[in-house]
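Biologist: I'd like a close look at one single part of this model, please. Take your time and walk me through it in one go.

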Amino acid sequence: MVGLGLRPLGPTLAYNGVIALQMWAGGLACWAMCRSLGASASAALVAGAWVVASPYLLGLVHSGITEGLGVAPLMVLCWAVLRTMGRGPNPKPARWHMSIWAGLALIWVGLQSPVYLVGGLCLTVACALGSPTQMRHRMPRLAVTLVTAAPAMLWLRTQIEATRSEEHTSELQSPDHL
């Protein structure tokens, strides 16, 4: 989606621009998450720079594998879920509005890949269910997050059904089936 605005630059510059924007957004999200969880400004800066310049991510970018583009949505999702549920090493009060942000982050993660959406859902539910004493407070926030992310979940369902339909059609048209 980000690349649509960069298309006039040509395919190579648009691709490089999307990678640069995603890496920058991932580093910024990591910095903001670290600051929100109580890290000093310098420690948060180091964490954000590490996410952007990690050997793993740079290796993916160098080899042309775009899996590293999912780093920004995952950072935002982790931060939003931790804030929604009031979790972290220096827990701040849970915030209702963060459950909407967590749902929007789930949608963003789901746009990256259906597999990432399932992983994000697992992370969100596990974070909500982690403490039996807090479950009563966390369940309504989890519900708001999941309702906000419902469009992404419906999209995932349609993608899975479309894939099954394509596989079934190709099976029926194969010479082995006849």
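How many residues does α4 have, and how far does α4 reach from its first C-alpha to its last?

Modeller: Happy to, and keep in mind that this is a predicted model. Helix α4 covers residues 71–85. With its 15 residues, α4 reaches 21 Å from first C-alpha to last, which is close to the 21 Å expected at 1.5 Å a residue.

For the setting: the protein has eight helices and zero strands, so the order of elements from the N terminus is simply α-α-α-α-α-α-α-α. Of the 178 residues in the protein, 35% are buried. In α4, the buried ones are V71, A72, P73, M75, L77, A80, V81, R83, T84 and M85. Note that R83, a charged residue by class, is on that list.

Now the neighbours. One is α1, residues 11–36, whose axis comes within 7 Å of the α4 axis and crosses it at roughly 20°. That angle is under the 35 degrees cut-off, so α1 is roughly parallel to α4. The crossing of these two is left-handed. On the α4 side, V71, A72, P73, M75, V76, C78, W79, L82 and R83 make the contact, and on the α1 side Q22, A25, G26, A29, C30, A32, M33 and S36 do. Sorted by class, that contact holds 13 nonpolar, three polar and one charged residues.

Another neighbour is α6, residues 114–129, with its axis coming within 10 Å of the α4 axis and again a crossing of roughly 20°. Hence α4 and α6 are roughly parallel to each other as well, but here the crossing is right-handed. From α4, the residues taking part are L77, C78, V81, L82 and M85, and they meet G120, L123, T124, C127 and A128 of α6. By class, this contact has eight nonpolar, two polar and no charged residues.

An α-helix has 3.6 residues a turn, so residues three or four places apart point the same way. L77, V81 and M85 are all in the α6 contact, and these three are also buried.

Zooming back out, 61% of the protein's contacts with a separation of 6 or more are between residues 24 or more positions apart.

Technical notes
Residues numbered from 1 in each chain as written. Predicted model: local features only at pLDDT ≥ 70, side-chain atom pairs only at ≥ 80, totals over all residues. Heavy atoms only, no water. Axes fitted to C-alpha atoms, helices over the stretch in contact; angles between N-to-C directions. Helix = DSSP H or I, 4+ residues; strand = E, 2+ residues; numbered from the N terminus. Parallel < 35°, antiparallel > 145°, perpendicular 65-115°, else oblique. Left-handed = near helix turned anticlockwise from the far one by under 90°. Contact = heavy atoms within 4.5 Å. Expected span 1.5 Å × (residues − 1). Buried < 20%, exposed > 50% of the residue type's maximum accessible area, 1.4 Å probe, protein only.
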